[in-house]
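Me: I would like to go through this structure with you, step by step. Could we start with the strands and then move on to the side chains?

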Amino acid sequence: MQIRISWPAGHLTATLEDTPTTQALHKALPLSATANTWGEEVYFDTGISVDREPDAQQVVEPGTVAFWTDGDALALPYGPTPISRGDECRLASPCNLLGTLDDDPRKLATVRSGDPIRVELVAD
């Protein structure tokens with residue numbers, strides 16, 4: 001499944017694996033939310049609630065599309081967060097892994113807290 005994430009200054013697409021969380025997200029699309037930033041991470045509410053999956057991780061690669069079960073939010077890290085050690089992308093708590101951004105995750109640096117964000121399915 002491929003999604004497009006759009007905000008006033010840009011957009012990115014992401015390719016998602018077939019997971020229980022991805023299936024729940026698919027049913028909620030399209031969705032609109034308000035962006036939050038935390039260090040070099042963008043996150044926003046999805047309106048869906050899912051359980052943490054067995055392979056959830058707290059330290060991920062830049063450009064990972066993750067679902068923060070504690071906040072019902074998509075988490076899009078592109079660099080260090082306030083709790084990172086060195087240059088790692090350390091999320092607030094273990095997150096379900098959904099997939100990866102298709103382009104340079106540093107584009108997320110143009111997202112400002114409070115920006116409108118839209119997530120939609122990319123047609124095949």
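Me: Which residue in β8 does Phe 44 stand opposite?
Reply: Phe 44 stands opposite Leu 74 in this predicted model.

Me: How many bridges join β5 to β8, and do the strands run parallel or antiparallel?
Reply: There are 5 bridges between β5 and β8, and the two strands run antiparallel.

Me: What about β4 and β5: how many bridges join them?
Reply: β4 and β5 are joined by 2 bridges and run antiparallel. Within this pairing, Thr 37 has Val 42 in β5 as its bridge partner.

Me: How many residues lie between β4 and β5 in the hairpin?
Reply: The hairpin has 3 residues between its strands.

Me: On to charges. How many salt bridges does the count come to?
Reply: The count comes to 5 salt bridges. Among them is the pair of Glu 40 and Arg 106, whose closest N and O atoms are 2.8 Å apart.

Me: How accessible are Glu 40 and Arg 106?
Reply: Glu 40 is partly exposed, at 25% relative accessibility. Arg 106 is also partly exposed, with a relative accessible area of 41%.

Me: And which residue does Arg 52 meet in a salt bridge?
Reply: The side chain of Arg 52 meets that of Asp 70, with an N to O distance of 3.5 Å. Arg 52 sits in the loop between β5 and β6 (57-60) and Asp 70 in the loop between β7 (64-68) and β8 (73-77), so this pair ties together parts that are 18 residues apart in sequence. Arg 52 counts as partly exposed at 42% relative accessibility, while Asp 70 counts as exposed at 52%.

Me: What is the closest N and O separation for Asp 103 and Lys 107?
Reply: In that salt bridge the closest N and O atoms are 2.8 Å apart. Asp 103 is partly exposed, with a relative accessible area of 41%, and Lys 107 is partly exposed at 36%.

Me: Changing topic: is Thr 13 buried or exposed?
Reply: Thr 13 is buried, because its relative accessibility is 18% and buried means under 20%. Thr 13 lies in strand β2 (residues 10-16).

Me: With which side chain does the side chain of Thr 13 make a polar contact?
Reply: The side chain of Thr 13 makes a polar contact with that of Asp 102, at 2.8 Å. Leaving aside residues up to four places away in sequence, Thr 13 also touches residues including Gln 2, Arg 4, Asp 103 and Val 122.

Me: Now the helix. Which residues of α1 are buried?
Reply: In α1 (residues 20-28), Thr 21, Thr 22 and Leu 25 are buried. Seen down the helix axis, the buried residues fall within an arc of 95 degrees, so they line one face of α1. On the other side, Pro 20 and Lys 27 are exposed.

Me: What covers the buried residues of α1?
Reply: The cover includes β2, β3 (31-34), β7, β8 and β9.

Me: Finally, which residues does UniProt list for the domain?
Reply: An unreviewed UniProt entry lists residues 1-120 as "domain: Cyclophilin TM1367-like". That span is 8% helix and 47% strand, and its end C-alpha atoms lie 11 Å apart.

Methods. Residues are numbered from 1 along each chain as its sequence is written. This is a predicted model: local features need pLDDT of at least 70, side-chain atom pairs count only at pLDDT 80 or more; totals for chains, interfaces and linings use all residues. Side-chain values use heavy atoms; hydrogens and water are left out. UniProt positions are given in the numbering used here, feature names are shortened, and annotations may be inferred rather than shown by experiment. Helices (H or I, at least four residues) and strands (E, at least two) are DSSP runs, numbered from the N terminus. A salt bridge is a side-chain nitrogen of Lys or Arg within 4 Å of a carboxyl oxygen of Asp or Glu. Buried means under 20% relative accessible area, exposed over 50%, partly exposed in between (1.4 Å probe, protein chains only). A polar contact is a pair of N or O atoms within 3.5 Å; within protein, one must be able to donate a hydrogen and the other to accept it, and residues adjacent in sequence count only if both atoms are side-chain atoms. Contact means heavy atoms within 4.5 Å. Two strands pair if DSSP finds at least two bridges between them. The arc is that of the directions from the helix axis to the C-beta atoms.
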